Amino acid sequence: MTRSTPLYRGLGLAGLLLLLAAGVPAAERAGTVAALDGPADVRHADAPAPTPLRPADDVFLGDRLHTKENTHARIALRDDSVITLAPDSELELTAQLVGPAKATSHLALDAGAVRAVVPDRYGTP
């Protein structure tokens, strides 16, 4: 059997796909949808289109959350912060560093309003 047979080409392709998949890190979980009182959606960083957001859904770094008219969404983050999105808001979870003594979160609000309640470890501004 020579190396140019379909079996060897198939194994080579499978190995390449395994290497590529192993090199792509999974999205890091940032928090959970704690409450939702109407329609909202999320566009995950690796998804081409938004999907409906539901209570208890996980949210990940890079996700874009969008609340519809008359909808509030409360997100409990891993660092014990709680953010509440007002109606017609769009927010991206851009970065989060959680440690025992210090935590940092970066959010990008593109539209609407957000309220954040943060734990003491964030300190005074």
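**Note on salt bridges and a buried valine**

1. Lysine 68 counts as partly exposed, at 31% relative accessibility (buried is under 20% relative accessible area, exposed over 50%, partly exposed in between; 1.4 Å probe, protein chains only). Its salt-bridge partner is aspartate 41, with the closest N and O atoms 3.0 Å apart. Lysine 68 sits in the loop between β5 (64-67) and β6 (73-77), aspartate 41 in strand β2 (residues 40-43), and the two are 27 residues apart. Aspartate 41 is buried, at 14%.

2. This is a predicted model: local features need pLDDT of at least 70, side-chain atom pairs count only at pLDDT 80 or more, and totals for chains, interfaces and linings use all residues. Residues are numbered from 1 along each chain as its sequence is written, and side-chain values use heavy atoms, leaving out hydrogens and water.

3. The protein has one helix and 10 strands (DSSP runs numbered from the N terminus: helices are H or I, at least four residues; strands are E, at least two). Of its 125 residues, 25% count as buried.

4. The structure holds six salt bridges (a side-chain nitrogen of Lys or Arg within 4 Å of a carboxyl oxygen of Asp or Glu). One of them joins arginine 29 and aspartate 58 at 3.1 Å, N to O. Arginine 29 lies in strand β1 (residues 29-36) and aspartate 58 in strand β4, so the pair ties together parts 29 residues apart in sequence.

5. Aspartate 110 bridges to arginine 64, with the closest N and O atoms 1.9 Å apart. Shared partners join Arg64, Glu90, Glu92 and Asp110 into one salt-bridge network.

6. Valine 59 lies in strand β4 (residues 58-60). At 0% relative accessibility, valine 59 is buried.
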